[in-house]
Amino acid sequence: KYFDNITIVNFHDKSKEFSEHFFCDAMPGAKKTCQFTKNDNKTQSLNLSVDLAYTDLAFAAHQMGLLQITTNKELEIVSAAVQKHHEN
């Protein structure tokens with residue numbers, strides 16, 4: 001045994017958020033951070049990801065001079081059309 005202070009945290013254990021596992025289980029001296037993490041996880045909203053691949057394609061076409069896009073709404077419309085074309 002070479003190390004006495006190594007703690008392994010299971011990333012796949014969904015019984016708690018990872019931050020709570022880390023600060024409450026792996027770092028015994030982080031009592032205030034642990035408590036904050038427990039409280040924060042109860043009120044935390046989800047930060048859902050957004051796929052920007054079709055927007056990136058439309059914007060790249062605009063930058064290459066293939067499309068004229070002047071507003072965000074036009075970019076949304078073109079992105080939706082690119083997605084529809086690709087998926088159908």
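Visitor: How many disulfides does the structure hold?
Guide: The structure holds 1 disulfide. The model is a predicted one, in which local features need pLDDT of at least 70 and side-chain atom pairs count only at pLDDT 80 or more, while totals for chains, interfaces and linings use all residues. Residues are numbered from 1 along each chain as its sequence is written, and side-chain values use heavy atoms, with hydrogens and water left out.

Visitor: What makes the link of Cys-24 and Cys-34 a disulfide?
Guide: A disulfide is a pair of cysteine sulfur atoms within 2.5 Å. The sulfur atoms of Cys-24 and Cys-34 are 1.9 Å apart, and a disulfide joins the two. The angle about the S-S bond is 105°, and the link of Cys-24 and Cys-34 is right-handed. Cys-24 belongs to helix H1 and Cys-34 to helix H2 (residues 31–43); they are 10 residues apart, and the pair links distant parts of the chain. Helices here are DSSP runs (H or I, at least four residues), as strands are (E, at least two), numbered from the N terminus.

Visitor: Are Cys-24 and Cys-34 buried or exposed?
Guide: Both Cys-24 and Cys-34 are buried. Buried means under 20% relative accessible area, exposed over 50%, and partly exposed in between (1.4 Å probe, protein chains only).

Visitor: Which residues of H1 are buried, and where do they lie around the axis?
Guide: In H1, the buried residues include Glu-20, His-21, Cys-24 and Ala-26. They cover an arc of only 160° around the axis, which puts them on the same side of H1. The arc is that of the directions from the helix axis to the C-beta atoms.

Visitor: How many aromatic pairs are counted?
Guide: Rings of Phe, Tyr and Trp (its six-membered ring) pair if their centres lie within 6.5 Å; planes under 30 degrees apart count as stacked, over 60 as edge-to-face and the rest as tilted. By this rule there are 2 aromatic pairs.

Visitor: Why is the pair of Phe-18 and Phe-22 called stacked?
Guide: The ring centres of Phe-18 and Phe-22 are 6.1 Å apart and their planes stand at 25°, so the pair is stacked. Both residues lie in helix H1 (residues 18–26), 4 residues apart, about one turn of the helix.

Visitor: What is the geometry of the pair formed by Phe-22 and Phe-23?
Guide: Phe-22 and Phe-23 form an edge-to-face pair, with 5.1 Å from centre to centre and 80° between the planes. Ring pairs link Phe-18, Phe-22 and Phe-23 into a cluster.

Visitor: Why does Phe-18 count as partly exposed?
Guide: The relative accessibility of Phe-18 is 37%, so Phe-18 counts as partly exposed. Phe-22, at 30%, also counts as partly exposed, and Phe-23 is partly exposed with 25%.

Visitor: How do you know that Phe-11 is exposed?
Guide: Phe-11 has a relative accessible area of 58%, and therefore counts as exposed. Phe-11 is found in the segment before H1.

Visitor: Why is Ser-79 called buried?
Guide: Ser-79 has a relative accessible area of 6%, and is therefore buried. Ser-79 lies in helix H4 (residues 72–87). Leaving aside its neighbours within four places in sequence, Ser-79 is in contact with Tyr-54, Thr-55 and Ala-58. Contact means heavy atoms within 4.5 Å.

Visitor: Where is confidence lowest in the protein chain, and where is it highest?
Guide: Confidence is lowest in H2, at a mean of 79, and highest in helix H3 (residues 53–63), at 95. The term pLDDT denotes the predictor's confidence in each residue, from 0 to 100. The protein chain averages a pLDDT of 85, and 90% of the residues score at least 70.

Visitor: What does the secondary structure of the protein chain come to?
Guide: The protein chain has 4 helices and 0 strands. Of its 88 residues, 17% count as buried.
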